[in-house]
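Good morning, and thank you for making time for this presentation. Please bring up the sequence and the structure, and I shall then go through them chain by chain.

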Amino acid sequence: MTATPALAAASILSGLLLAPLTPAVIARTKAVFAGRRGAPLSQPYRDLAKLLRKGWVFSRTTTGLFRAAPVLVLACGAAALAMTAPAGIAPGWGFAGDMILFAYLLGTARFLTVAAALDTGSSFEGMGASREVLYSALAEPALITGLAVLARISGSSSLAGIYAGLGADVWMSAGAAVLLVLVSFLIVLLAENSRIPFDDPNTHLELTMVHEVMVLDVSGPDLAAVEYGASLRLWLFGTLAVRLALTPSGLGGWELLAASIGGMLLLAVLVGTIESVTARLPLLRAPLPLAAAVALTVLAYVLAARFLG
Amino acid sequence: MTAGDALLLLPAALPALLAPASFLPRTARGALRLCSLGTAATAALMGAASIAVFTGGTLSTAGGWLRLDALSAFHVAVMALVFAMSAAQVPGAFAEGTADALPRAAARRFGGLWFGSLAAMLTVLISGNLGILWVGVEATTLLTAFLICVRANPGSLEAMWKYLIVCSVGVALAFTGTLLVAASAARAPLRGAGTLLWTGLAASAGSLDPGLLRAGFVFLVIGYGTKAGLAPMHSWLPDAHSQAPAPVSAVFSGFLLNCALYCIFRMLPIVEAATGGSGWGSGILVALGLASLVTSAVFIVLQKDLKRLLAYSSLEHMGIITLGVGLGGAGAFAAMLHTLAHSIAKPTAFLSAGRLVAGFGSHEIRHVRGALAASPVWGAGLLVSLLALLGAAPFAMFATELMILRTAVGAGSTAVAAVFLAAALTAFVGALRLVIPMAWGPAGETVGPLGASAADRVQVLLALLALLALGLFLPAFLAGILSRAAAVIAGGTP
Amino acid sequence: MNAPMEALLVALILSDLALLGSGRLGSCIRTVALQGILAGLLPLAEGGAGFQILLLGATVVVLKGFVFPRLLGRAMRESATSREVQPLVGYAPSLLAGVAILAGAFWLDGRMGGLLRSSGGILVPVAFSMMFTGLFLVVARRTAVNQVIGYLVLENGIYAFSLAAAREIPFLVELGVLMDLFVAVFVMGIAIQRINLEFDHIDSGRLTRLRG
């Protein structure tokens, strides 16, 4: 076990640097399914660099909120990353209740995005904002309940404590509950990051967009911040699920870091596969998988309470 | 096989054999005639079995799995009466050349299902095992379902579907109750198969787990109560009883409901013994009885359809019987007498109503006018049996309702008595208001034959005289039978 | 409470949720068939091995897994409906109701304490939740086939409950119950076909002629 600062810095930096890679892997996977060659994996980095070189254009109806929001969203994401990326890897990282802070940092980021969208006064963005909030209203109970289940099983309310408490023996007795939580986290990931079957990231028709339409009016470095923030968000949800899946392996320190990065890339391939084989759900039927996710987490809670006495 | 065993098995075996045999006759009329004659023969066997029990004591065979005691023998006798009365009218109800005529295939199906239901209801009554009892009740639901829609029209199909689903769900809940009762006997010193026998449960009532038994009783009451049409599980009753052909409605109202109530009344003494005589079980029955009375009173006042009126009247009477049994003592005796009287009056009412409906061409009360003028036999049959059902003196049901009222007041539950009185009065006034124009006045337009054969006249006359006689004086042997049946409910040795 | 039994029970709950969330008749029939097979395997998972238990389990699996789906499938094909028309309670609210039923069933089981023998395991609460889910489906769905499916779920729940509550039910009674169930589904299938013949639909929500 090497020193905590090195591990912590490595996990945070790997998150910051590799986050844009995940959308690239997803796009590559979809291209493979479609028989195309697809964009190179460095494309998102080049897009970010290009956007940073451009200038801002602000609409006259917007206020300071619109200008501040992208950076604030990025700040929330970075804070969440700093808080949770080293959890379980660097020993002693984390504090009691940090999983709640994690969930609500992500929630604050979403709130800021929605507020900025409403700030533009455009009906497209307003429509996107209302849809986004609808999905999140159902996804958040699933996320919180899932975290509650994990806390119940492992006996700790800190993410680090959760990962530490879910050893192989716990999986033997309450494994069904953890599996159900994992499945519902995957559904929440798809919903919160605007992936099929909830939202098509490649659509160009504004009336069918949910997330992309909220950032129609963002330009230049702000757009870079928004896109980078989105990939950070995907990285955060992804590592939550991947670390959970890696808990029975008993790895620690550098091996765990490497394994979780590899797991993230695998998860990206999985998301790309899901995007390629499923169709997007009609808007009114989209709440159904989210309700299922809530159902699964409640079921997991009930089972966990029963199995652990 | 002893004579006692034969008496127990034959009444159930005969209809079981006749059911497939009903597919043999070559004409519709032949099938319907087989139906009446076969039922008459079975009714005679049932009567013989009942008399054997009344004179000789409980009959039991197959290790207690089949038994007839005073309560079940009484119900067997009532069932024989109801089925005999209804089956005698089957050829007339589906007579050729009328609008209700049945084609041969339908008539054969009718006969087969009729005998099947007869056999199933008998299984319920002669079974000494809770599990077989349940199998019989579920079988009656399934077999009688298609009797409702033997003439397939939108109304009867809708009624049949509602009946099928609601009663199947109810009976499934009753099975949960059966399981809970069996579970409550797990700690009692009973052998494996003995956990479901009445005799075993009654004997070891003290060592049954009260919590499980209570839960089981609740499920049984809800489940069998659905089959008996007690409120609030009665939603299927008006539809099924009004859409079915007259002989089927007569059997439904005249006996099938009582059959389901019998299952509940069997459990009552066991529950009372296990809960230390606290009256918890009886309280539930009183509540359900009152709920049925109130619901039926409300809907009787609002009625526009003759057969639905009779169906709600059945709801009212099941409520009265349940109330009587719940109050106990003289109330249980009155409930038994009420069962007998109701099972004579209701089939007569339904059979007469069936003929009148066929004659006037409509179910609706406003189209059935001047029945006495149009057909003295059926008009009198409907009028007098309805008056008896409403509790008019000097018919039997007036006396029984008075007895139940007195029991309620005597036990100090004046609120119960008040609600009972209010509901009965509301039903009386509401129904009478509809009956008077139906019976008297000039005859309305008739579209079909309203004749009555000599046999029909005799049947109606006998039924009405019996109702009058029961109200005026009760022969000693009948009183003895009724009190022994009531004693079984109260927990005495069967 | 052993691992195979737990896995079976969790699978049963998941099949319940699948039924609540879906309106496609074909997939519902397959799900309820799977549920029947899982329920039939329960006594074997609990460790029973007598000839009667094996026979009963095999009969349940064959009946619920193969015969009933065929009967229901025939009714569905003849009536040419392939999905629920418009349930009384929507699918997402049904799922949430199913979750509430689940939580309620576990609470109820906690209240009943150690009354039933297999306390400490999840057999009784799962049985309760299946029963109430079945009742909910009967009430909330309008297509006749879906109502029959709800009835089958209710029966599966009662079967699971019988394993917990009363092991010594005579073999004859168990067979009688199964036979009744078979006849019930058969009768319901025929009833659906006759309704379809008369009305040209099997939407029980439109059977509203009788009122009052």
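In which helix of chain C does Leu34(C) lie? Leu34(C) belongs to helix 2 of chain C, residues 25-45. Helices here are DSSP runs of H or I with at least four residues, strands are runs of E with at least two, and both are numbered from the N terminus.

Before I continue, two sentences on conventions. This is a predicted model, in which local features need pLDDT of at least 70 and side-chain atom pairs count only at pLDDT 80 or more, whereas totals for chains, interfaces and linings use all residues. Residues are numbered from 1 along each chain as its sequence is written, and chains are lettered from A and ligands numbered from 1 in the order in which they are written.

Let me return to Leu34(C). The C-alpha atom of Leu34(C) is separated by 9.8 Å from that of Pro69(C), which stands 35 residues away along the chain.

I now turn to chain C as a whole. Chain C contains seven helices and zero strands, and its pattern along the sequence reads α-α-α-α-α-α-α. Its radius of gyration is 17 Å, which agrees with the value near 17 Å for a compact globule of 212 residues. That radius is taken over C-alpha atoms, and the globule rule is 2.2 Å times the number of residues to the power 0.38. Along the principal axes, the C-alpha atoms of chain C fill a box of roughly 50 × 35 × 35 Å. Buried residues account for 50% of the 212 residues in chain C. Of the contacts in chain C between residues at least 6 apart in sequence, 78% join residues at least 24 apart; a contact means that two C-beta atoms, placed from the backbone, lie within 7 Å.

Chain A can be described in the same terms. Chain A has eleven helices and zero strands. For its 309 residues, a compact globule would have a radius of gyration near 19 Å, and chain A agrees with 19 Å. The box filled by the C-alpha atoms of chain A is roughly 60 × 45 × 45 Å along the principal axes. Of the 309 residues of chain A, 50% are buried. Among contacts in chain A with a separation of 6 or more, 80% are between residues 24 or more positions apart.

The contact between chain A and chain C takes twelve residues from chain A and 15 residues from chain C. Helix 11 of chain A, residues 287-307, gives the most to the chain A side, with eleven residues. By class, that side has eleven nonpolar residues, no polar ones and one charged.

Finally, chain B. Its domain assignment, which is automatic or from a database, gives domain 1 (1-126), domain 2 (129-278) and domain 3 (288-494). The centres of domain 2 and domain 3 of chain B, taken over C-alpha atoms, are 23 Å apart. Their contact takes 27 residues from domain 2 of chain B and 28 residues from domain 3 of chain B. On the domain 2 side, helix 11 of chain B contributes the largest share, 15 residues.

One helix of chain B deserves a word. The buried residues of helix 19 of chain B include Val460(B), Leu464(B) and Leu467(B). Seen down the axis of helix 19 of chain B, its buried residues fall within an arc of 125°, so they line one face of the helix; the arc is that of the directions from the helix axis to the C-beta atoms.

Definitions and conventions
Buried ≥ 20, exposed ≤ 12 C-beta atoms within 10 Å, placed from the backbone. Nonpolar A, V, L, I, M, F, W, Y, C, P; charged D, E, K, R; others polar.
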